[in-house]
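Please open the structure in your viewer and keep the selection tool at hand, as this tour moves from one selection to the next.

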Amino acid sequence: VVQATERVSTPIIRFPSTLAGYEDAAAALRRLLDAHALSTSARFNVELAFEEIAINIIQHGGARDIEVAVAIEPHEAVLTFEDDGIPFDPLEQPSPELPSSIEEAQVGGLGLMLVRKMAARMTYERTARGRNRLTVAIAA
Amino acid sequence: VQMDITPLGERLVKIALAGRLDTQGVDRVEMRFTSAIVAAGNSAIVDLSKVDFVTSLGIRLLVSTARNVKMRQAKLALFGASEHVEQVFETVSLQKIIPIFATEAEALASIGAPPGV
């Protein structure tokens, strides 16, 4: 069950680390974004980062639950992902080789690369409570 | 995701996609998309002008389709991507492995369709 709760004016979307959980969460994110006047490109990038990071956690993280704080400010939108899965720092992952031909095209790692390239900044920490916390800021 | 198929000639189709090529969208369209192109042995031009969102899963669908099309000696070209979709393509250098054009006429010409198709 997705809960979008207000806490110190920053909405948090919580959902089970499953594809079904993600779909509900993505719908909750879109409703939340509808209430803000983001530029088309900022909105595109927020939704892109949300999907790429969440799906990566769901497929590889072994987490039970994911929570994403969504802070929309005049100059940027900040998504803060927290999960209780295995330690994973996306910033330490090598970027995939960009293919030069269709035969050698590898399709793994593209999502994280997209987020890294379009984010204004990204930070990762393993919290004292043993959770992954990834912050992705996107220019408004 | 909406998908419309227009036969353009022998073993040549135009596929128009509309909506979001994300996890949910790809899940819904993947089977129809690949069977209309790859399973049928068709060459195809893909109209992306009504696609307003794409993620890595959408890119994977396009790449795997293009690869399978090539293995069957057929051709695939994309056209009409919006500014934001185009930007995602450029970020992953998709144009290096799949021909991407602004217009339908250019896409058709690139796959060798005779004029007037």
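In which loop of chain B does S93(B) lie? Select S93(B) in this predicted model, and you will find this residue in the loop between α3 (83-91) and β5 (100-101) of chain B. Its phi is near 55°, a positive value in a residue other than glycine. For comparison, most residues other than glycine have a negative phi. S93(B) counts as buried because its relative accessibility is 9%, and the cut-off for buried is under 20%.

Next, select R11(B), which sits in the loop between β1 (2-9) and β2 (12-21) of chain B. R11(B) is not a glycine either, and yet it has a positive phi of about 55°. Is R11(B) buried or exposed? With a relative accessibility of 55%, R11(B) counts as exposed, since the cut-off for exposed is over 50%.

Now turn to the largest nonpolar core, which has 75 residues, and select F50(A), L17(B), I59(B), F89(B), L94(B) and I98(B), the residues that touch the most other members. If you then select helix α2 (residues 40-60) of chain A, you have the element that gives the most to this core, with eleven residues.

Stay with F50(A) and display what surrounds it: leaving aside residues up to four places away in sequence, F50(A) touches F15(A), Y22(A), A25(A), A26(A), L29(A), V68(A), L79(A) and F81(A).

For the last stop, select L12(B), I45(B), I111(B) and A113(B), which are among the eight residues of a second, separate core. In soluble globular proteins, nonpolar side chains tend to be buried together.

Notes:
Residues numbered from 1 in each chain as written. Chains lettered and ligands numbered in written order. Predicted model: local features only at pLDDT ≥ 70, side-chain atom pairs only at ≥ 80, totals over all residues. Heavy atoms only, no water. Core = buried A, V, L, I, M, F, W, Y, C linked by side-chain atoms within 4.5 Å. Buried < 20%, exposed > 50% of the residue type's maximum accessible area, 1.4 Å probe, protein only. Helix = DSSP H or I, 4+ residues; strand = E, 2+ residues; numbered from the N terminus. Contact = heavy atoms within 4.5 Å.
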